[in-house]
Amino acid sequence: MKRTRTLLALLGAAGAAVPTRALAQCHAAFFPYYASHHHQQRDSCAVSKPFVPIRLGGSMGLLGASDQAGARYLGAELEAHYWLLSRWSAGLRSSVTGQMPAPAAPAEVYAGATQPRLLLFSATWHNQLLLAESPRWRVAAEVGAGLGGASLYDKAQQVQQKGQGCGCTTAKRLDTAVAPVTEMGLAATYKLKRADGPWLTLRGGHRQWHGSAPFGTPGQFSAYLLSVGVSVPDLTRKR
């Protein structure tokens with residue numbers, strides 16, 4: 001009995017220590033009728049999460065690449081992102097580049113292809129962090145990770161195109177390799193004259209190929225990247 005009285009006394013003291021206003025605010029979250037009739041302010045017991053307007057953006061451009069063997073590629077890239085914070089965006093980027101005309105390599109290097117051509121492609125989860133910005137320009141650091149691929153073709157071996165009635169042929173694809181890739185670089189954007197127009201975007205970086213391929217030399221498909229294009233950094237206004 002003595003222990004029971006002691007416990008009740010402690011509970012009473014704890015209840016008295018809680019301010020009446022705080023209790024009323026906490027009750028407002030569970031009893032709206034109480035809150036509406038007593039004009040209580042915002043519930044202090046609720047978790048506060050700031051509202052961030054949805055801001056989507058994207059870019060597209062011409063992409064040039066140079067791999068570790070010196071082969072040069074030309075293609076395109078496409079990117080879409082979402083602003084998680086005022087200076088941090090995340091999204092998806094994809095690219096595809098074809099090897100530009102170059103002297104044929106020894107056949108043993110490219111799995112027996114006498115006129116080899118390579119196609120590089122990638123799909124990465126892309127993150128961008130704004131380093132500096134003004135109303136007319138921005139500079140950002142970029143990192144990404146995903147999958148990259150390389151397809152080997154031999155122009156000396158022509159095959160019939162499927163579904164074509166013209167007798168058209170194309171270079172035979174000999175093999176395709178896929179491996180994890182990581183990317184890092186810098187991006188600079190400059191706003192063109194129109195108030196609601198796109199931004200001119202210049203990107204430079206490096207793509208690291210993590211893996212081997214049944215054709216080419218070890219590490220060959222790691223490449224330096226350079227692109228130029230247009231972007232729409234955010235489709236809705238900042239807060």
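This is a predicted model: local features need pLDDT of at least 70, side-chain atom pairs count only at pLDDT 80 or more; totals for chains, interfaces and linings use all residues.
**Entry: salt bridges overall**
I looked up the salt bridges and found seven in the structure. Side chains of opposite charge can pair when their charged atoms come close.

**Entry: Glu142 and Arg93**
I checked Glu142 next. Glu142 pairs with Arg93, and their closest N and O atoms lie 3.3 Å apart. This pair links distant parts of the chain, with Glu142 in strand S5 and Arg93 in strand S3 (residues 88-99), 49 residues apart. Is Glu142 buried or exposed? Glu142 counts as buried, because its relative accessibility is 6% and the cut-off for buried is under 20%. Arg93 also counts as buried, at 9%.

**Entry: Glu133 and Arg138**
I found a salt bridge between Glu133 and Arg138, with 3.8 Å between the closest N and O atoms. Glu133 is partly exposed at 30% relative accessible area. Arg138 is buried at 9%.

**Entry: Glu183 and Arg207**
I then looked at Glu183. Its side chain meets that of Arg207 in a salt bridge of 2.9 Å, N to O. Glu183 sits in strand S6 (residues 169-191) and Arg207 in strand S7 (residues 199-209), 24 residues apart. Both residues of this pair, Glu183 and Arg207, are buried.

**Entry: Gln157**
I finished with Gln157, which lies in strand S5 (residues 137-160). Gln157 is partly exposed, at 29% relative accessible area. Leaving aside residues up to four places away in sequence, Gln157 touches Thr170, Ala171, Lys172 and Leu174. The C-alpha atoms of Gln157 and Leu174 are 9.6 Å apart, and the two residues are 17 residues apart along the chain.

How values were computed: Residues are numbered from 1 along each chain as its sequence is written. Side-chain values use heavy atoms; hydrogens and water are left out. Helices (H or I, at least four residues) and strands (E, at least two) are DSSP runs, numbered from the N terminus. Buried means under 20% relative accessible area, exposed over 50%, partly exposed in between (1.4 Å probe, protein chains only). Contact means heavy atoms within 4.5 Å. A salt bridge is a side-chain nitrogen of Lys or Arg within 4 Å of a carboxyl oxygen of Asp or Glu.
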